[in-house]
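Please work through each task before reading its solution.

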Amino acid sequence: MDYYSKNQLTRGGDYFPARLRPEHVAEILGFAPPDIPILVSKRHLKPLGKPMPNATKFFSRTDVLAKSVDDLWLARATQTIYDHWKGKNQRKKNSRFLKAA
């Protein structure tokens, strides 16, 4: 543990392994777990390796921690989530309108 800085390995006393699951990524970055696949599909997050579409994705701890302190990346990712849900809600609203007509 001398090789790595304490900030790189821990957060609030919790240990984060080198490969992070999507729920850990969401916790570190401050997003909801359902937002992580959206960020992956929009290429804001890159999973390790080349996982199959239905496989569990793992992410690099160093990449995620670097993104967690990058204000510009956080702003772009947040806007991507806003735009995604805005578009999805708009499509849902339009489909209800078309069914009623």
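**Exercise 1.** Is W73 buried or exposed?

*Solution.* The model is a predicted one, in which local features require pLDDT of at least 70 and side-chain atom pairs pLDDT 80 or more, while totals for chains, interfaces and linings use all residues. Residues are numbered from 1 along each chain as its sequence is written, and side-chain values use heavy atoms, without hydrogens and water. Start with the classes: buried means under 20% relative accessible area, exposed over 50%, and partly exposed in between, with a 1.4 Å probe and protein chains only. W73 has a relative accessible area of 10%, so this residue is buried.

**Exercise 2.** Classify the aromatic pair of F31 and W73 by its geometry.

*Solution.* Rings of Phe, Tyr and Trp (its six-membered ring) pair if their centres lie within 6.5 Å; planes under 30 degrees apart are stacked, those over 60 edge-to-face, and the rest tilted. The structure holds one aromatic pair. The ring centres of F31 and W73 are 6.5 Å apart and the planes stand at 90 degrees, so the pair is edge-to-face. Next, locate the partners: F31 belongs to the loop between helix 2 (22-29) and helix 3 (35-41), W73 to helix 5, and the pair thus links distant parts of the chain, 42 residues apart. Helices here are DSSP runs (H or I, at least four residues), numbered from the N terminus. Finally, F31 is buried, because its relative accessibility is 12%.

**Exercise 3.** Identify the salt bridges and describe the exposure of their partners.

*Solution.* The criterion is a side-chain nitrogen of Lys or Arg within 4 Å of a carboxyl oxygen of Asp or Glu. Two salt bridges are present.

- E23 and R21 form one of them, with the closest N and O atoms 3.0 Å apart. E23 is partly exposed at 39%, and R21 is also partly exposed, at 35%.
- D63 and K67 form a salt bridge at 3.4 Å, N to O. Both lie in helix 4 (residues 61-68), four residues apart, so about one helical turn separates them. D63 is partly exposed at 28%, whereas K67 is buried at 16%.

**Exercise 4.** Which residues form a positive surface patch?

*Solution.* Patch members have over 30% relative accessible area and no salt bridge, and like charges are joined within 9 Å. Lys and Arg count as positive. The patch consists of K42, K88, R91, K92 and R96. Among them, R96 lies in helix 5 (residues 71-100) and is exposed, because its relative accessibility is 54%.

Terms used: Patch = residues over 30% accessible without salt bridge, like charges linked within 9 Å, V, L, I, M, F, W, Y side chains within 5 Å. Areas by Shrake-Rupley, 256 points an atom, 1.4 Å probe, with all protein chains shown as cover. Charge placed at Lys NZ, Arg CZ, Asp CG, Glu CD. Helix = DSSP H or I, 4+ residues; strand = E, 2+ residues; numbered from the N terminus.
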